[in-house]
Amino acid sequence: MAILEVKNIEKHFENTKVLQDVSFSLEEGKALAIIGSSGSGKTTLLRCLNFLERPDSGSIIVKGNTLFDASAKASDWEKDLRKKRLHFGMVFQSFNLFPQYTALENVTLAEKLLAREREDFKSRKREIYKEIEAHGLELLDQMGLAERTGHYPHQLSGGQQQRVAIARALALKPDILCFDEPTSALDPELTGEVLKVIRGLAEQKTTMIIVTHEMAFARDVADQVIFMDGGVIVEQGDPKEVINNPKEERTKQFLTRYTEG
């Protein structure tokens, strides 16, 4: 059964159609790579899935529950918006860490804020925070950052900052982890660090959607791939088939140009 179903999503900015009739599904424990040129709609699609943008039409279903349906009242968009976002963890290309907080504080902040809504928070505050910090330390250790927990973002390399951002996204245990060009701001050496972490998450059967320009990575790590152009899905399927033997002419042009570049 699919953990995520995206049906007929469209998004317009004034007269520009950024997404047109985008539909796909994703099974639990699988990794989906989304490839395509700049401006093809990849980031906007991720923003719609994370409820950072409201689609103009379509629906988003997670674990059989409809989180968004464009045919519903517009006011329903705001209803339980934060709760809907918890289904998705977002890792941005520019890290977006809080500079005034340490690595551990960045990872645990959201979980601590949510804990305040627990009925037993006042009576168990110290114990709850201790559990959250232990979880944060475990995630940073998983990212290879056990010795960097007390460091601030400016004391970390770009690759280390991105790994903190991944740990932060995992902290709230989302159903689906989303990456928006996670290596675009990194040099080749640091890119390898982050791709190794994502590869490890894939091996652990973490459900992921990865917008990436790393074609070899998409081919070797993802379970399925989508090629987007002009706001539409041009081709999708097995990564090795799509990337090594694309059927659509537009896909062939993109991959040839990418290889030559």
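**Salt bridges and their surroundings**

Author: Let's start at Arg118, which counts as partly exposed at 36% relative accessibility. Keep in mind that we're looking at a predicted model. Arg118 forms a salt bridge with Asp120, and the closest N and O atoms of the pair are 3.1 Å apart. Asp120 is partly exposed too, with a relative accessible area of 24%. In general, side chains of opposite charge can pair when their charged atoms come close.

Another pair to look at is Arg219 with Asp220, a salt bridge whose closest N and O atoms are 3.0 Å apart. Arg219 is partly exposed, at a relative accessible area of 26%, and Asp220 is also partly exposed, at 42%. Back where we began, salt bridges that share partners link Arg118, Asp120, Arg124, Glu127 and Glu131 in one network.

The structure holds 12 salt bridges, and one of them joins Lys63 to Asp175, with 3.0 Å between the closest N and O atoms. Lys63 sits in the loop between strand 4 and strand 5, while Asp175 sits in the loop between helix 5 and strand 7, so this pair ties together parts 112 residues apart in sequence. How do the two partners differ in cover? Lys63 is partly exposed, with a relative accessible area of 46%. Asp175, on the other hand, comes out at 18%; buried means under 20%, so Asp175 counts as buried.

Asp175 turns up again when you look at Val62. Val62 belongs to strand 4 (residues 57-62) and is buried, with a relative accessible area of 0%. Setting aside neighbours within four places in sequence, Val62 is in contact with Ile3, Leu4, Leu67, His87, Phe88 and Asp175. Ala134 is another matter: Val62 and Ala134 are 72 residues apart in sequence, and their C-alpha atoms are 29 Å apart in space.

While we're around the loop between helix 5 (158-171) and strand 7 (176-180), have a look at Lys173, which is found there. Lys173 has a phi near 50 degrees, a positive value in a residue other than glycine. Most residues other than glycine have a negative phi. Lys173 counts as exposed, at 65% relative accessibility. Glu14 also has a positive phi, near 55 degrees. You'll find Glu14 in the loop between strand 1 (2-13) and strand 2 (16-27), exposed with a relative accessible area of 80%. Then there's Phe51, which follows helix 1 and has a positive phi near 60 degrees. Helix 1 itself (residues 42-49) is mostly covered, with six of its eight residues buried. Among those buried residues are Lys42, Leu45 and Cys48.

Thr102 counts as buried at 10% relative accessibility, and it touches Thr149, Gly150, His151 and Tyr152, not counting residues up to four places away in sequence.

Finally, there's a place where like charges gather. Glu27, Asp223, Asp238 and Glu241 form a patch of negative charge on the surface. Asp223 lies in the loop between helix 7 (215-221) and strand 9 (224-229), and is partly exposed, with a relative accessible area of 35%.

Technical notes: Residues are numbered from 1 along each chain as its sequence is written. This is a predicted model: local features need pLDDT of at least 70, side-chain atom pairs count only at pLDDT 80 or more; totals for chains, interfaces and linings use all residues. Side-chain values use heavy atoms; hydrogens and water are left out. Patches are made of residues with over 30% relative accessible area and no salt bridge: like charges are joined within 9 Å, nonpolar side chains (Val, Leu, Ile, Met, Phe, Trp, Tyr) within 5 Å. Accessible areas come from the Shrake-Rupley method with a 1.4 Å probe; for residues, only the protein chains shown count as cover. A salt bridge is a side-chain nitrogen of Lys or Arg within 4 Å of a carboxyl oxygen of Asp or Glu. Lys and Arg count as positive and Asp and Glu as negative; His and the chain ends are not counted. The place of a charge is taken as NZ of Lys, CZ of Arg, CG of Asp or CD of Glu. Helices (H or I, at least four residues) and strands (E, at least two) are DSSP runs, numbered from the N terminus. Buried means under 20% relative accessible area, exposed over 50%, partly exposed in between (1.4 Å probe, protein chains only). Contact means heavy atoms within 4.5 Å.
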